[in-house]
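Thank you all for making the time this morning. I would like to walk you through one structure, so please take a moment to look at the sequence and the fold before I go on.

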Amino acid sequence: MIGVIVCTHSTLAQGLKNAIDMIVGPQEDFDVFCFMNGDDVDELREKIDSAVTKYEEKKMPCCILVDLFAATPFNAALTISMQKGVDVITGVNLPLLMDVLLSRTMFEDGDVHAFLEHSLNSVKDSMKVYNGMNLGNE
């Protein structure tokens with residue numbers, strides 16, 4: 001099992017959690033943090049670090065998913081990653097989060113990075129461009 005931490009701008013992280021709860025039910029070992037306009041980056045870093053520490057104390061690997069590369073949630077997560085070796089995934093979305101949460105129960109003390117790369121690759125096919133006028137002609 002892997003602990004999952006999601007950190008995004010505004011209320012996106014909470015919205016993703018709400019959608020997960022609706023689709024597959026509440027998840028254990030799943031934390032979300034919303035970085036709001038005017039919030040202090042050091043406080044955000046402390047919140048994420050506290051969640052990582054909680055998983056360390058449980059002897060459970062964890063990962064952090066953020067919305068944008070090189071933005072505040074990413075920078076806060078990267079600081080913790082550099083200190084504690086936690087993997088960070090950028091570009092969090094509902095299919096990716098669902099895949100990580102639902103497949104993490106099969107993870108048993110292996111390579112967290114490889115597990116996350118597998119999740120990234122498995123959801124790439126779920127992102128497509130459709131035009132309803134052309135369905136059947138493609």
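Let me begin with a question: in which helix do arginine 45 and aspartate 42 both lie, and how many residues apart are they? Both of them are in helix α2, where they sit three residues apart, about one turn of the helix. Before I say more about this pair, please keep in mind that what you see is a predicted model.

Arginine 45 and aspartate 42 form a salt bridge, and the closest N and O atoms are 2.6 Å apart. Arginine 45 is partly exposed, with a relative accessible area of 25%, and aspartate 42 likewise counts as partly exposed, at 38%.

A search of the whole structure finds six salt bridges, and I will take you through some others. In helix α1, which covers residues 12-24, lysine 17 forms a salt bridge with aspartate 21, with 2.9 Å between the closest N and O atoms. These two residues are separated by about one helical turn, because they are four residues apart in that helix. Lysine 17 is partly exposed at 22% relative accessible area, and aspartate 21 is also partly exposed, at 25%.

Let me turn to strand β1, which runs over residues 3-9 and includes threonine 8. Is threonine 8 buried or exposed? Threonine 8 counts as buried, because its relative accessibility is 0% and the cut-off for buried is under 20%. Leaving aside neighbours within four places in sequence, threonine 8 is in contact with several residues, among them Phe33, Cys34 and Phe35, as well as Asp67, Pro73 and Val92.

Valine 6 lies in strand β1 as well, and valine 6 is buried, with a relative accessible area of 0%. Not counting residues up to four places away in sequence, valine 6 touches a set of residues that includes Leu16, Phe30, Asp31, Val32, Leu65 and Leu97. From valine 6 to isoleucine 48 the C-alpha to C-alpha distance is 9.0 Å, although the two are 42 residues apart in sequence.

A nonpolar surface patch of about 400 Å² is made by Met22, Ile23, Val24 and Leu102, and helix α1 gives the most to it, with three residues.

Finally, a word on asparagine 134, which lies in the segment after α5 (112-124).

Notes. Residues are numbered from 1 along each chain as its sequence is written. This is a predicted model: local features need pLDDT of at least 70, side-chain atom pairs count only at pLDDT 80 or more; totals for chains, interfaces and linings use all residues. Side-chain values use heavy atoms; hydrogens and water are left out. Buried means under 20% relative accessible area, exposed over 50%, partly exposed in between (1.4 Å probe, protein chains only). Contact means heavy atoms within 4.5 Å. Patches are made of residues with over 30% relative accessible area and no salt bridge: like charges are joined within 9 Å, nonpolar side chains (Val, Leu, Ile, Met, Phe, Trp, Tyr) within 5 Å. Accessible areas come from the Shrake-Rupley method with a 1.4 Å probe; for residues, only the protein chains shown count as cover. A salt bridge is a side-chain nitrogen of Lys or Arg within 4 Å of a carboxyl oxygen of Asp or Glu.
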